[in-house]
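Cut-offs are given where a term first comes up.

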Amino acid sequence: MNSAIFLTHLQDTLRPGRLIPWIIAALGMCGIALVWKSLQPDEALLTVYAQFSQILLYRIVILAAVVFSMGVIAQEIEQKTIVYLLTRSQPRWALLLGRSFASIVSVAAVGMICVLTSAFAILGFKAFTTPEVLMDCVVAFMAAGVYGSLFVFLSLIVNRAMIWSLLFAFGWETFAQNLPGMRPVSVMTYLNTIGLHEAKRANGLLTFFSGDMVVADTPVWLAWTVLIGLWVILAVGGMMIFSLFEYSPREDAE
Amino acid sequence: MIELKSVSRWYGPVIGVNDVTCTLPSGVTALLGQNGAGKSTLMRLITGQLRPTTGEVKVNGLDPFGNPTAMKHLGFCPDIDSFPEHLTGRQFVTRMGRLMGFSTGTAATRTQELMDQVGMADRCDKPLRGYSKGMRQRIKLASALFHEPDVILLDEPLNGLDPLGRREFMDVLHRLAEGGRTIIVSSHILFEVEQMTSSMLLMHRGRLLASGNIRTIRDLIDSHPHRISISCSDPRRAAAILAQEAPIDSLSIGPGPDELEVRTRMPDKLYDAVARLSLDEGISVDRLESPDNSLEAVFGYLVEN
């Protein structure tokens with residue numbers, strides 16, 4: 001595979017114009033983390049961080065995954081610049097793989113920045129040596145990979161993939177975790193499992209958003225297996241679909 | 001070499017290209033047709049963006065759909081006006097070269113050569129978002145030529161170019177054609193195409209109406225005699241002589257006082273007779289023109305039929 005595919009897309013996703021909104025989001029998260037902490041003065045700092053992480057941090061990673069994944073192919077189709085990609089001497093699977101990986105790296109970077117800044121706001125310098133925080137960086141990478149591959153896959157098979165992805169990310173993923181028997185069909189369940197956050201973390205409405213209304217223990221090994229398996233299946237499936245089907249702007253077809 | 005065998009392409013219930021069979025040789029070939037005729041669909045089929053619903057497309061013997069080897073032979077200048085607007089012209093062309101497998105250094109050197117070739121050397125470091133239509137066309141041409149392909153497809157390449165730019169663009173095309181490349185230029189502006197080549201494919205509503213040299217095509221349209229207008233010193237005497245010496249379908253004096261309009265299916269014989277008017281009969285011929293020998297007229301006749 002030509003490294004230029006990865007590098008050129010990485011340059012696009014990490015250019016200042018694209019990155020500044022996410023840096024602002026990270027700073028915003030940092031501010032919210034401070035408020036969150038001040039609202040629960042009696043709670044242990046690690047518990048406050050665990051709540052914050054599960055309710056907000058993971059979701060900003062998913063949001064970033066939705067936005068960056070659309071840039072892999074869907075945006076190119078919409079802007080009609082897909083023509084330039086498809087007429088290069090690169091296999092289609094390689095184009096998708098290189099660009100998807102660049103997108104995943106960018107989402108993981110955004111996620112890790114958000115995790116570290118928020119953790120710093122809550123835990124101070126201890127954040128950089130706390131296993132839960134460091135594990136959240138790993139969770140951010142896995143979330144970037146699995147959700148990134150999922151949303152790229154969606155963008156290859158449906159129109160208006162951004163809307164469907166957002167509905168999945170913030171509708172399905174929030175509800176499925178809280179519905180009895182539905183937890184296994186939510187990616188978030190497995191991400192929560194590999195995170196090192198222990199015990200009950202939130203109360204009231206927050207329990208719903210943190211996906212703790214239904215308590216079910218998923219083995220950590222199973223969570224890793226499902227996440228890695230999903231990532232591989234979605235990535236390979238996406239490459240096959242992109243190689244087999246047409247991706248040409250339809251509306252100006254003569 | 002591009003070969004299309006019984007190629008049809010449907011978009012749901014709408015047909016884009018209908019049973020097209022042709023072989024495109026080296027040199028410049030114009031792909032002509034009105035908007036919606038199927039030109040862009042045909043280009044997309046050749047460049048492997050679309051698959052034919054039926055039939056087959058071959059580029060140097062290869063199926064172009066999703067085929068990187070076929071893409072090495074193809075350079076495509078699309079009709080779209082979209083770019084990654086944040087890039088400069090130089091960055092865009094270099095990036096296209098990198099995606100063709102060139103190293104960073106080679107891509108940079110080749111980009112500079114191409115910028116000189118398409119006349120963008122002094123402006124290529126500005127962002128694409130500030131480029132005029134003509135500048136964008138030049139950048140697209142540069143990216144299509146990057147890997148020196150054997151086959152170059154240009155979809156409406158003259159749109160937005162100023163007269164000087166058109167002249168330069170055509171010179172570049174002729175230089176490339178002289179090098180033995182196959183160049184296909186789509187356009188709906190007949191006047192422009194006439195200046196580029198006499199070899200063409202005429203498309204209408206998805207079908208290939210005619211292909212070949214414009215004169216040959218014109219000669220084959222028997223239902224429409226050639227209309228030839230002659231301006232001379234004695235049109236009445238000239239009319240009498242031509243009626244005797246050449247196979248003429250109709251003849252009329254006018255519209256001007258010294259003008260004569262002749263319709264014939266054998267224009268070469270008429271031209272010989274006109275030469276004799278001047279040489280043997282002493283009639284001064286000021287002007288001789290065949291307005292319906294133009295591409296526009298040929299296209300009109302074919303579409304009308």
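1. Helices (H or I, at least four residues) and strands (E, at least two) are DSSP runs, numbered from the N terminus. On that basis B:Ala275 is found in helix α10 (residues 267-280) of chain B. This is a predicted model, in which local features need pLDDT of at least 70 and side-chain atom pairs count only at pLDDT 80 or more, while totals for chains, interfaces and linings use all residues. Residues are numbered from 1 along each chain as its sequence is written, chains are lettered from A and ligands numbered from 1 in the order in which they are written, and side-chain values use heavy atoms, with hydrogens and water left out.

2. Overall form of chain B. Chain B has 11 helices and 13 strands. Its C-alpha trace spans about 75 × 45 × 30 Å along the principal axes. Buried means under 20% relative accessible area, exposed over 50%, and partly exposed in between (1.4 Å probe, protein chains only). Of the 305 residues of chain B, 53% count as buried. Contact means heavy atoms within 4.5 Å. Among contacts in chain B between residues at least 6 apart in sequence, those joining residues at least 24 apart make up 66%.

3. B:Ala275 again. With a relative accessible area of 37%, B:Ala275 is partly exposed.

4. The interface. Chain A puts 31 residues into the contact and chain B 36 residues. Buried area is the accessible area (1.4 Å probe) that two parts lose on being put together, summed over both. For chain A and chain B this comes to about 3000 Å², 54% of it on carbon and sulfur atoms. A polar contact is a pair of N or O atoms within 3.5 Å; within protein, one must be able to donate a hydrogen and the other to accept it, and residues adjacent in sequence count only if both atoms are side-chain atoms. By that rule, 13 residue pairs are in polar contact across the interface of chain A and chain B (both at pLDDT 80 or more). On the side of chain A that touches chain B, the elements giving two or more residues are α1 (3-13), α5 (82-86) and α11 (220-244) of chain A. The most comes from α1(A), with 6 residues. This side of chain A divides into 11 nonpolar, 11 polar and 9 charged residues, where Ala, Val, Leu, Ile, Met, Phe, Trp, Tyr, Cys and Pro count as nonpolar, Asp, Glu, Lys and Arg as charged, and the others, Gly among them, as polar.

5. Salt bridges between the chains. A salt bridge is a side-chain nitrogen of Lys or Arg within 4 Å of a carboxyl oxygen of Asp or Glu. The structure holds 20 salt bridges over all chains, and the count between chain A and chain B is 2. One joins the side chains of B:Arg95 and A:Asp12 (2.9 Å, N to O). A:Glu246 and B:Arg9 also meet in a salt bridge through their side chains (2.5 Å, N to O). That pair runs from the segment after α11 of chain A, where A:Glu246 lies, to strand β1 (residues 2-11) of chain B, which holds B:Arg9. A:Glu246 is partly exposed at 27% relative accessible area, whereas B:Arg9 counts as buried at 10%.

6. Salt bridges within chain B. Which parts of the chain does the pair B:Lys39 and B:Glu156 link? The side chains meet at 3.9 Å, N to O. B:Lys39 is in helix α1 (residues 39-46) of chain B and B:Glu156 in the loop between β6 (151-155) and α6 (163-178), 117 residues apart. B:Lys39 counts as buried at 0% relative accessibility, and B:Glu156 counts as buried at 8%. B:Arg110 and B:Glu113 form a salt bridge at 3.0 Å, N to O; both lie in helix α4 (residues 104-117) of chain B, 3 residues apart, about one turn of the helix. B:Arg110 is buried at 12% and B:Glu113 partly exposed at 42%. With B:Glu148 these two residues are linked in a network of salt bridges.

7. Nonpolar cores. A nonpolar core is a set of buried Ala, Val, Leu, Ile, Met, Phe, Trp, Tyr and Cys residues joined through side-chain atoms within 4.5 Å. The largest has 136 residues, of which A:Tyr147, A:Phe151, A:Leu191 and B:Ile46 touch the most other members. Helix α7 (residues 131-157) of chain A gives the most to this core, with 15 residues. Another core, of 16 residues, lies apart from it and includes B:Val193, B:Ala210, B:Ile214 and B:Leu302.
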